[in-house]
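Please read the following note beside the sequence and the three-dimensional view. It is arranged as numbered points for a student who is new to such models.

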Amino acid sequence: MCNCFDENLARVTEHLKDRISGEFTEFEADWKDQSFFLDGKKHVPVNPKIKYSYRLKKKDGTPRANKTNHEVSMVARYCPFCGEDTQADEAD
Ligand SMILES: [Zn+2]
């Protein structure tokens, strides 16, 4: 697998640090919603999500006060930066 995520994180981290005016400590930056896989295969570490919501109806047919919210994750096979094929969804 390519190093695009590590390289881009390092590049953006340096850029963000340069933009801070004044002294600072404990700077942290990382990919949001990073996934960890236990199958030993190469994966894109940050994958797109689909959020969905709906409002259930009560037994009398009127809508409930609150909506129900969920998310489902997709796994990208190709690196979004360089297009390298992870081949993660191929059989062993
Ligand atoms: Zn890449």
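The points below go from the whole chain to single residues.

1. Basis of the note. This is a predicted model, in which local features need pLDDT of at least 70 and side-chain atom pairs count only at pLDDT 80 or more, while totals for chains, interfaces and linings use all residues. Residues are numbered from 1 along each chain as its sequence is written.

2. Elements. The chain contains 1 helix and 2 strands, and their order along the sequence is α-β-β. Helices (H or I, at least four residues) and strands (E, at least two) are DSSP runs, numbered from the N terminus.

3. Overall form. The chain is more spread out than a compact globule, because its radius of gyration is 20 Å, well over the 12 Å that the globule rule gives for 92 residues. The radius of gyration is taken over C-alpha atoms, and the globule rule is 2.2 Å times the number of residues to the power 0.38. The C-alpha trace spans about 60 × 50 × 20 Å along its principal axes.

4. Burial and contacts. Of the 92 residues in the chain, 1% are buried. A residue is buried if 20 or more other C-beta atoms lie within 10 Å of its own, exposed if 12 or fewer, and partly exposed in between, with C-beta atoms placed from the backbone. Among contacts between residues at least 6 apart in sequence, 42% join residues at least 24 apart; two residues are in contact if their C-beta atoms, placed from the backbone, lie within 7 Å.

5. Helix 1 comprises 16 residues, 4-19, and from its first C-alpha to its last it reaches 22 Å, close to the 22 Å expected at 1.5 Å a residue. The expected span is 1.5 Å times one less than the number of residues.

6. The strands. How do strand 1 and strand 2 pair, parallel or antiparallel? Strand 1 and strand 2 pair in the antiparallel sense over 6 bridges; a pairing requires that DSSP finds at least two bridges between the strands. Ile-50 has Val-72 in strand 2 as its bridge partner. Strand 1 lies largely in the open, because 0 of its 6 residues are buried. Strand 2 is hardly covered, with a count of 0 buried among its 6 residues.

7. Two residues with positive phi. Most residues other than glycine have a negative phi. Glu-26 is not a glycine, yet its phi is positive, about 60°. Glu-26 lies in the loop between helix 1 and strand 1 (49-54) and is exposed, with 4 other C-beta atoms within 10 Å. Gln-87 is likewise not a glycine and has a positive phi of about 55°. Gln-87 is in the segment after strand 2 and counts as exposed, with 11 C-beta neighbours inside 10 Å.

8. Ala-88. Where is Ala-88 placed? Ala-88 is in the segment after strand 2 (68-73). Ala-88 counts as partly exposed, with 16 C-beta neighbours inside 10 Å. Not counting residues up to four places away in sequence, Ala-88 touches Lys-41, Lys-42, His-43 and Arg-77. The C-alpha atoms of Ala-88 and Pro-63 are separated by 42 Å, and the two residues are 25 residues apart along the chain.
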